[in-house]
Amino acid sequence: MQRLRRTRKNMLLRELVSETQIKKSGLIYPVFVRYEEGICEEIPSMPGVCRYSVDMLDTVAEQVVQAGIGGVMLFGIPQEKDETGSGARDENGVVAQAIRKFKSFFQKTGKRFLIIADICLCEYTSHGHCGVLACDDVDNDASLPLHAGAALAAVRAGADMVAPSSMMDGVVEAIRKTLDAEGYTDIPIMGYSAKFASAFYGPFRDAAESAPKSGDRKSYQVDCRNGREAMRELAADESEGADILMVKPALCYLDIVKQARERSDLPLAVYNVSGEYSMVKAAAAAGMIDERRIVKEILTSFFRAGADIVITYHALDYVRWEREGEIR
Ligand code: PBG
(Lines give C-alpha, C1' and ligand atoms only; values in the text may rest on other atoms or scores of the structure.)
Protein backbone atom coordinates (compact mmCIF):
# COMPACT_ATOMS: atom_id res chain seq x y z
CA MET A 1 0.00 0.00 0.00
CA GLN A 2 1.15 3.54 -0.75
CA ARG A 3 0.61 5.52 2.47
CA LEU A 4 -0.01 8.93 0.91
CA ARG A 5 -1.74 10.08 4.07
CA ARG A 6 1.58 10.12 5.99
CA THR A 7 2.46 13.63 4.83
CA ARG A 8 -1.06 14.96 5.34
CA LYS A 9 -1.19 14.07 9.03
CA ASN A 10 -0.87 17.59 10.46
CA MET A 11 -0.57 21.19 9.36
CA LEU A 12 3.22 21.31 9.66
CA LEU A 13 3.61 18.32 7.38
CA ARG A 14 1.08 19.69 4.91
CA GLU A 15 2.93 23.02 4.82
CA LEU A 16 6.23 21.23 4.40
CA VAL A 17 5.13 19.34 1.32
CA SER A 18 2.93 22.06 -0.22
CA GLU A 19 3.82 22.60 -3.85
CA THR A 20 2.06 25.84 -4.74
CA GLN A 21 1.93 29.32 -3.23
CA ILE A 22 -0.31 32.24 -4.10
CA LYS A 23 2.30 34.83 -5.06
CA LYS A 24 1.14 38.21 -3.75
CA SER A 25 3.49 40.15 -6.01
CA GLY A 26 1.90 38.40 -8.99
CA LEU A 27 -1.63 39.60 -8.22
CA ILE A 28 -3.00 42.47 -10.31
CA TYR A 29 -6.17 44.39 -9.35
CA PRO A 30 -8.35 45.75 -12.18
CA VAL A 31 -9.52 49.34 -11.66
CA PHE A 32 -12.36 51.09 -13.52
CA VAL A 33 -11.84 54.80 -13.93
CA ARG A 34 -14.58 57.10 -15.08
CA TYR A 35 -15.27 60.73 -15.92
CA GLU A 36 -16.65 63.34 -13.50
CA GLU A 37 -15.66 63.90 -9.88
CA GLY A 38 -16.33 62.56 -6.44
CA ILE A 39 -17.50 59.19 -7.73
CA CYS A 40 -16.98 55.86 -6.08
CA GLU A 41 -19.92 53.71 -7.16
CA GLU A 42 -20.32 50.00 -6.66
CA ILE A 43 -20.98 48.05 -9.86
CA PRO A 44 -24.32 46.29 -9.37
CA SER A 45 -23.26 43.06 -11.08
CA MET A 46 -19.88 43.00 -9.28
CA PRO A 47 -20.45 43.43 -5.53
CA GLY A 48 -17.41 44.97 -3.84
CA VAL A 49 -15.97 46.41 -7.07
CA CYS A 50 -16.33 50.13 -7.80
CA ARG A 51 -15.98 52.62 -10.58
CA TYR A 52 -13.92 55.60 -9.45
CA SER A 53 -13.48 59.07 -10.78
CA VAL A 54 -9.83 60.15 -11.05
CA ASP A 55 -9.91 62.34 -7.94
CA MET A 56 -10.91 59.33 -5.81
CA LEU A 57 -8.00 57.09 -6.78
CA ASP A 58 -5.79 57.75 -3.75
CA THR A 59 -7.93 55.38 -1.68
CA VAL A 60 -7.38 52.64 -4.27
CA ALA A 61 -3.64 53.34 -4.32
CA GLU A 62 -3.50 53.08 -0.54
CA GLN A 63 -5.26 49.72 -0.56
CA VAL A 64 -2.96 48.37 -3.27
CA VAL A 65 0.13 49.49 -1.35
CA GLN A 66 -1.26 48.13 1.92
CA ALA A 67 -1.94 44.76 0.27
CA GLY A 68 1.51 44.62 -1.30
CA ILE A 69 0.19 43.19 -4.56
CA GLY A 70 1.96 43.70 -7.89
CA GLY A 71 -0.16 46.50 -9.28
CA VAL A 72 -3.28 47.59 -11.09
CA MET A 73 -4.78 47.17 -14.54
CA LEU A 74 -6.63 50.28 -15.70
CA PHE A 75 -9.86 50.44 -17.69
CA GLY A 76 -11.30 53.81 -18.72
CA ILE A 77 -14.93 54.82 -19.11
CA PRO A 78 -14.99 58.07 -21.07
CA GLN A 79 -17.81 60.58 -21.19
CA GLU A 80 -17.88 60.75 -24.98
CA LYS A 81 -17.77 57.82 -27.36
CA ASP A 82 -17.32 57.96 -31.14
CA GLU A 83 -16.87 55.72 -34.19
CA THR A 84 -13.09 55.37 -33.84
CA GLY A 85 -12.80 55.47 -30.06
CA SER A 86 -10.69 58.61 -30.09
CA GLY A 87 -10.97 58.93 -26.31
CA ALA A 88 -8.52 56.04 -26.05
CA ARG A 89 -5.84 58.13 -27.76
CA ASP A 90 -6.57 61.33 -25.83
CA GLU A 91 -3.48 62.28 -23.84
CA ASN A 92 -5.80 63.89 -21.35
CA GLY A 93 -8.34 61.04 -21.34
CA VAL A 94 -9.52 59.24 -18.19
CA VAL A 95 -6.80 56.59 -18.22
CA ALA A 96 -4.01 59.11 -18.83
CA GLN A 97 -5.34 61.22 -15.96
CA ALA A 98 -5.58 58.17 -13.72
CA ILE A 99 -1.99 57.23 -14.47
CA ARG A 100 -0.79 60.73 -13.59
CA LYS A 101 -2.86 60.59 -10.40
CA PHE A 102 -1.17 57.34 -9.33
CA LYS A 103 2.22 58.83 -10.21
CA SER A 104 1.57 61.79 -7.94
CA PHE A 105 0.57 59.34 -5.19
CA PHE A 106 3.95 57.63 -5.65
CA GLN A 107 5.73 60.99 -5.36
CA LYS A 108 3.79 61.95 -2.27
CA THR A 109 4.20 58.66 -0.42
CA GLY A 110 7.41 57.15 -1.81
CA LYS A 111 5.39 53.97 -2.41
CA ARG A 112 5.20 52.17 -5.74
CA PHE A 113 3.25 49.55 -7.65
CA LEU A 114 2.93 48.72 -11.34
CA ILE A 115 0.46 50.54 -13.54
CA ILE A 116 -0.71 48.43 -16.47
CA ALA A 117 -2.97 50.03 -19.06
CA ASP A 118 -5.49 47.82 -20.82
CA ILE A 119 -5.45 48.86 -24.48
CA CYS A 120 -8.74 48.46 -26.31
CA LEU A 121 -11.34 50.56 -28.07
CA CYS A 122 -14.58 48.93 -26.87
CA GLU A 123 -15.07 51.30 -23.94
CA TYR A 124 -14.48 54.26 -26.29
CA THR A 125 -16.40 53.37 -29.45
CA SER A 126 -20.04 54.32 -29.94
CA HIS A 127 -20.74 50.82 -31.34
CA GLY A 128 -18.90 49.01 -28.53
CA HIS A 129 -16.63 46.90 -30.73
CA CYS A 130 -12.92 46.54 -30.07
CA GLY A 131 -11.87 48.13 -33.37
CA VAL A 132 -13.29 50.28 -36.15
CA LEU A 133 -16.13 48.94 -38.27
CA ALA A 134 -16.17 48.34 -41.99
CA CYS A 135 -19.07 46.51 -43.64
CA ASP A 136 -20.49 45.40 -40.28
CA ASP A 137 -17.27 43.71 -39.13
CA VAL A 138 -14.24 44.99 -37.31
CA ASP A 139 -11.55 46.13 -39.74
CA ASN A 140 -8.39 44.54 -38.40
CA ASP A 141 -5.69 46.54 -40.17
CA ALA A 142 -7.41 49.91 -39.86
CA SER A 143 -7.72 49.29 -36.11
CA LEU A 144 -4.00 48.65 -35.54
CA PRO A 145 -2.74 52.26 -35.62
CA LEU A 146 -5.62 53.24 -33.32
CA HIS A 147 -4.47 50.70 -30.74
CA ALA A 148 -0.87 51.81 -31.16
CA GLY A 149 -2.00 55.40 -30.56
CA ALA A 150 -3.85 54.37 -27.39
CA ALA A 151 -0.76 52.54 -26.13
CA LEU A 152 1.40 55.57 -26.84
CA ALA A 153 -0.96 57.89 -24.94
CA ALA A 154 -0.89 55.55 -21.91
CA VAL A 155 2.88 55.22 -21.96
CA ARG A 156 3.39 58.97 -22.35
CA ALA A 157 1.21 59.44 -19.27
CA GLY A 158 3.52 57.06 -17.40
CA ALA A 159 2.10 53.52 -17.71
CA ASP A 160 4.65 50.84 -16.81
CA MET A 161 3.16 48.30 -19.21
CA VAL A 162 0.47 48.05 -21.87
CA ALA A 163 -1.89 45.13 -22.41
CA PRO A 164 -3.74 45.03 -25.74
CA SER A 165 -7.02 43.13 -25.28
CA SER A 166 -8.78 43.55 -28.63
CA MET A 167 -7.62 40.31 -30.29
CA MET A 168 -6.70 42.14 -33.48
CA ASP A 169 -4.11 40.19 -35.46
CA GLY A 170 -0.76 41.99 -35.41
CA VAL A 171 -1.64 44.35 -32.57
CA VAL A 172 1.37 43.44 -30.44
CA GLU A 173 3.74 44.12 -33.31
CA ALA A 174 2.00 47.39 -34.19
CA ILE A 175 2.29 48.63 -30.60
CA ARG A 176 5.91 47.45 -30.28
CA LYS A 177 6.94 49.32 -33.42
CA THR A 178 5.23 52.52 -32.33
CA LEU A 179 6.64 52.42 -28.80
CA ASP A 180 10.14 51.67 -30.11
CA ALA A 181 9.96 54.49 -32.68
CA GLU A 182 9.05 56.90 -29.87
CA GLY A 183 11.94 55.72 -27.70
CA TYR A 184 9.90 53.55 -25.31
CA THR A 185 11.93 50.44 -26.03
CA ASP A 186 11.83 49.35 -22.39
CA ILE A 187 8.03 49.28 -21.90
CA PRO A 188 6.80 45.66 -21.81
CA ILE A 189 3.71 44.45 -23.67
CA MET A 190 1.40 41.89 -22.10
CA GLY A 191 -0.68 40.35 -24.87
CA TYR A 192 -4.19 39.13 -24.11
CA SER A 193 -2.98 36.36 -26.34
CA ALA A 194 -5.60 33.65 -26.01
CA LYS A 195 -8.77 35.54 -25.23
CA PHE A 196 -11.89 33.47 -25.78
CA ALA A 197 -15.33 34.72 -26.84
CA SER A 198 -16.94 34.26 -23.45
CA ALA A 199 -20.17 34.85 -21.57
CA PHE A 200 -17.99 35.33 -18.49
CA TYR A 201 -17.32 38.96 -19.56
CA GLY A 202 -20.95 39.93 -18.95
CA PRO A 203 -20.54 41.87 -15.68
CA PHE A 204 -17.43 43.66 -17.01
CA ARG A 205 -19.40 45.01 -19.93
CA ASP A 206 -21.85 46.57 -17.46
CA ALA A 207 -18.96 47.94 -15.46
CA ALA A 208 -17.12 49.40 -18.45
CA GLU A 209 -20.20 50.20 -20.50
CA SER A 210 -18.54 48.32 -23.34
CA ALA A 211 -21.10 45.80 -24.60
CA PRO A 212 -21.32 45.77 -28.41
CA LYS A 213 -24.47 47.59 -29.57
CA SER A 214 -25.03 44.95 -32.22
CA GLY A 215 -23.55 41.53 -32.88
CA ASP A 216 -20.90 39.92 -30.71
CA ARG A 217 -17.12 39.49 -30.56
CA LYS A 218 -16.98 36.06 -32.20
CA SER A 219 -15.23 37.36 -35.32
CA TYR A 220 -12.18 38.32 -33.26
CA GLN A 221 -12.12 36.36 -29.98
CA VAL A 222 -11.25 32.64 -29.95
CA ASP A 223 -14.03 30.03 -30.09
CA CYS A 224 -14.16 28.20 -26.75
CA ARG A 225 -13.99 24.85 -28.55
CA ASN A 226 -10.52 25.57 -29.96
CA GLY A 227 -7.51 24.76 -27.82
CA ARG A 228 -5.07 24.34 -30.70
CA GLU A 229 -6.09 27.68 -32.17
CA ALA A 230 -5.39 29.23 -28.77
CA MET A 231 -1.85 27.83 -29.00
CA ARG A 232 -1.45 29.57 -32.37
CA GLU A 233 -2.61 32.85 -30.82
CA LEU A 234 -0.04 32.49 -28.04
CA ALA A 235 2.71 31.69 -30.55
CA ALA A 236 1.72 34.65 -32.72
CA ASP A 237 1.96 37.10 -29.80
CA GLU A 238 5.32 35.65 -28.81
CA SER A 239 6.67 36.06 -32.34
CA GLU A 240 5.33 39.63 -32.52
CA GLY A 241 7.39 40.55 -29.47
CA ALA A 242 5.03 40.16 -26.52
CA ASP A 243 6.91 40.10 -23.20
CA ILE A 244 4.11 38.39 -21.27
CA LEU A 245 1.34 36.12 -22.56
CA MET A 246 -2.17 35.79 -21.18
CA VAL A 247 -5.02 33.30 -21.16
CA LYS A 248 -8.52 34.65 -20.51
CA PRO A 249 -10.96 33.73 -18.94
CA ALA A 250 -9.23 31.60 -16.33
CA LEU A 251 -11.38 28.96 -14.64
CA CYS A 252 -12.78 27.12 -17.66
CA TYR A 253 -9.46 27.45 -19.48
CA LEU A 254 -6.88 25.97 -17.12
CA ASP A 255 -6.08 23.31 -19.72
CA ILE A 256 -5.01 26.17 -21.98
CA VAL A 257 -2.95 27.72 -19.17
CA LYS A 258 -1.20 24.43 -18.56
CA GLN A 259 -0.41 23.93 -22.25
CA ALA A 260 0.76 27.52 -22.61
CA ARG A 261 3.11 27.01 -19.67
CA GLU A 262 4.56 23.91 -21.31
CA ARG A 263 5.00 25.48 -24.73
CA SER A 264 6.38 28.93 -23.93
CA ASP A 265 9.05 30.19 -21.59
CA LEU A 266 7.54 33.68 -21.43
CA PRO A 267 5.90 34.84 -18.21
CA LEU A 268 2.25 33.81 -18.25
CA ALA A 269 -0.78 35.67 -16.93
CA VAL A 270 -4.38 34.54 -16.43
CA TYR A 271 -7.36 36.87 -16.18
CA ASN A 272 -9.86 35.71 -13.56
CA VAL A 273 -12.69 37.63 -15.23
CA SER A 274 -15.78 39.44 -14.02
CA GLY A 275 -18.28 36.59 -14.45
CA GLU A 276 -16.02 34.25 -12.50
CA TYR A 277 -15.87 36.82 -9.71
CA SER A 278 -19.60 37.54 -9.71
CA MET A 279 -20.55 33.86 -9.51
CA VAL A 280 -18.49 33.49 -6.35
CA LYS A 281 -20.00 36.65 -4.87
CA ALA A 282 -23.56 35.55 -5.67
CA ALA A 283 -23.09 32.08 -4.24
CA ALA A 284 -21.45 33.51 -1.12
CA ALA A 285 -24.23 36.08 -0.64
CA ALA A 286 -26.75 33.24 -0.86
CA GLY A 287 -24.86 31.45 1.89
CA MET A 288 -24.06 28.53 -0.39
CA ILE A 289 -20.27 28.59 -0.19
CA ASP A 290 -17.46 29.76 2.08
CA GLU A 291 -16.22 32.70 -0.03
CA ARG A 292 -12.79 32.98 1.57
CA ARG A 293 -11.87 29.35 1.18
CA ILE A 294 -13.28 29.24 -2.33
CA VAL A 295 -11.24 32.29 -3.39
CA LYS A 296 -8.07 30.79 -1.94
CA GLU A 297 -8.70 27.53 -3.77
CA ILE A 298 -9.42 29.35 -7.05
CA LEU A 299 -6.29 31.53 -6.84
CA THR A 300 -4.21 28.47 -5.94
CA SER A 301 -5.49 26.65 -9.03
CA PHE A 302 -4.14 29.39 -11.32
CA PHE A 303 -0.64 29.20 -9.91
CA ARG A 304 -0.74 25.38 -9.86
CA ALA A 305 -1.70 25.37 -13.56
CA GLY A 306 1.40 27.44 -14.28
CA ALA A 307 0.45 31.12 -14.15
CA ASP A 308 3.00 33.65 -12.90
CA ILE A 309 0.54 36.53 -12.85
CA VAL A 310 -3.14 36.55 -11.87
CA ILE A 311 -5.39 39.49 -12.73
CA THR A 312 -8.27 39.25 -10.27
CA TYR A 313 -11.00 41.33 -8.64
CA HIS A 314 -10.44 39.22 -5.50
CA ALA A 315 -6.85 40.49 -5.05
CA LEU A 316 -7.41 43.05 -2.27
CA ASP A 317 -9.92 40.91 -0.35
CA TYR A 318 -7.76 37.82 -0.51
CA VAL A 319 -4.64 39.52 0.80
CA ARG A 320 -6.60 41.14 3.64
CA TRP A 321 -8.22 37.86 4.69
CA GLU A 322 -4.88 36.09 4.57
CA ARG A 323 -3.17 38.75 6.64
CA GLU A 324 -5.91 38.81 9.24
CA GLY A 325 -5.97 35.03 9.50
CA GLU A 326 -9.58 34.91 8.34
CA ILE A 327 -9.32 31.93 6.01
CA ARG A 328 -10.04 28.72 7.86
C1 PBG B 1 -12.01 44.71 -23.47
C2 PBG B 1 -11.94 43.79 -22.32
C3 PBG B 1 -12.92 42.91 -21.83
C4 PBG B 1 -12.42 42.39 -20.65
C5 PBG B 1 -11.15 42.93 -20.46
N6 PBG B 1 -10.87 43.76 -21.52
C7 PBG B 1 -14.29 42.62 -22.27
C8 PBG B 1 -14.61 42.09 -23.57
O9 PBG B 1 -13.81 41.55 -24.34
O10 PBG B 1 -15.81 42.25 -23.86
C11 PBG B 1 -13.15 41.46 -19.73
C12 PBG B 1 -12.72 41.48 -18.33
C13 PBG B 1 -13.66 40.85 -17.38
O14 PBG B 1 -14.68 40.27 -17.74
O15 PBG B 1 -13.35 40.92 -16.18
N16 PBG B 1 -11.70 44.24 -24.69
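The buried residues of helix α5 (residues 171-181) are V171, V172, A174, I175, R176 and L179. Buried means under 20% relative accessible area, exposed over 50%, and partly exposed in between, with a 1.4 Å probe and protein chains only. Helices (H or I, at least four residues) and strands (E, at least two) are DSSP runs, numbered from the N terminus. The cover over the buried residues of α5 includes β5 (114-119), α4 (140-157), β8 (161-164) and α7. Just after α5, G183 has a positive phi of about 90 degrees.

This is a predicted model, in which local features need pLDDT of at least 70 and side-chain atom pairs count only at pLDDT 80 or more, while totals for chains, interfaces and linings use all residues. Residues are numbered from 1 along each chain as its sequence is written, and side-chain values use heavy atoms, with hydrogens and water left out.

**Helix α10**

Helix α10 covers residues 291-305. The expected span of a helix is 1.5 Å times one less than its number of residues. For the 15 residues of α10 this gives 21 Å, and the end C-alpha atoms are 21 Å apart, which agrees. The buried residues of α10 are E291, V295, I298, L299, S301, F302, F303 and A305. An α-helix has 3.6 residues a turn, so residues three or four places apart point the same way. The buried residues of α10 pack against β1 (27-34), α8 (254-263), β11 (268-272), α9 (274-285), β12 (309-312) and α11 (315-323). After α10 comes G306, with a positive phi near 125 degrees.

S301 belongs to this helix. S301 counts as buried because its relative accessibility is 9%. A polar atom of its side chain lies 2.7 Å from the backbone oxygen of I298. Apart from neighbours within four places in sequence, S301 is in contact (heavy atoms within 4.5 Å) with L251 and L254.

**Two further residues**

R320 is found in helix α11. With 34% relative accessibility, R320 counts as partly exposed. The side chains of R320 and D317 are joined by a polar contact of 3.1 Å. A polar contact is a pair of N or O atoms within 3.5 Å; within protein, one must be able to donate a hydrogen and the other to accept it, and residues adjacent in sequence count only if both atoms are side-chain atoms.

S210 lies in the loop between α6 (202-207) and α7 (227-240). Its relative accessible area is 0%, so S210 is buried. Not counting residues up to four places away in sequence, S210 touches C122, E123, G128, F204, R205 and R217.

**The ligand**

Of the 18 residues around the ligand, K195, R205, K248, S274 and Y313 come nearest. A residue is near a molecule or strand if one of its heavy atoms lies within 4 Å of it. The shell divides into 10 nonpolar, 3 polar and 5 charged residues. Here Ala, Val, Leu, Ile, Met, Phe, Trp, Tyr, Cys and Pro count as nonpolar, Asp, Glu, Lys and Arg as charged, and the others, Gly among them, as polar.

| Residue | Distance to a ligand oxygen atom |
|---|---|
| K195 | 2.8 Å |
| Q221 | 2.9 Å |
| Y313 | 2.5 Å |

On its own the ligand has 400 Å² of accessible area, and the protein covers 100% of it. Accessible areas come from the Shrake-Rupley method with a 1.4 Å probe; for residues, only the protein chains shown count as cover.
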